[in-house]
Amino acid sequence: MESERRPRPKLIEKLEARRATHRERGRLFRIGFGLVGLLVLLGGIVMLVTPGPAFVLIPIGLAMLSLEFVWAERLLEKSLEHAQIAQEKAVQTTRTQRILAAIATVLAIAACLLAVLWWDIPLLPDS
């Protein structure tokens, strides 16, 4: 199976254009910018297991780091390509698949509610 070559995401092209002006900034600014990018990325990674917008922060952190590091640019490009593929697959779902997904979601919610009622799980912790 031959894989089709996708165009590079526009964000990557914009970042490549900004890289030259970023490199002209002072060393202290670039170090601070890189540290902030690392903190944003780490915050997004933490939010993968805690509540929060992980899938927003991780690309922002990678975009900031990609101005300095090639590895961050590659990770960002791969993640954007995978997101684009997922978006295309979501658009191509059939009506039957969407209905089945909705039914599965309703059944999962019903199962959780039944478990709460059946096993007498408290909704709020006791103070």
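Start with the charges: the mean positions of the 16 positive and 12 negative charges of the protein are 5 Å apart. Lys and Arg count as positive, Asp and Glu as negative, with His and the chain ends not counted. To mark them, select NZ of Lys, CZ of Arg, CG of Asp and CD of Glu.

This is a predicted model: local features need pLDDT of at least 70, side-chain atom pairs count only at pLDDT 80 or more, and totals for chains, interfaces and linings use all residues. Residues are numbered from 1 along each chain as its sequence is written, and side-chain values use heavy atoms, leaving out hydrogens and water.

Next, switch to cartoon. The protein has five helices and zero strands (DSSP runs numbered from the N terminus: helices are H or I, at least four residues; strands are E, at least two). The radius of gyration is 21 Å, well over the 14 Å that the globule rule gives for 127 residues, so the protein is more spread out than a compact globule. That radius is taken over C-alpha atoms; the rule is 2.2 Å times the number of residues to the power 0.38.

Now select helix H2, residues 27-46. Show Phe29 and Phe33, four residues apart, about one turn of the helix. Their ring centres are 5.9 Å apart and their planes at 20°, so the pair is stacked (centres of Phe, Tyr or Trp six-membered rings within 6.5 Å; planes under 30 degrees apart are stacked, over 60 edge-to-face, the rest tilted).

Finally, colour by accessibility. Phe29 is partly exposed at 40% relative accessible area; Phe33 is partly exposed at 24% (buried is under 20%, exposed over 50%, partly exposed in between; 1.4 Å probe, protein chains only).
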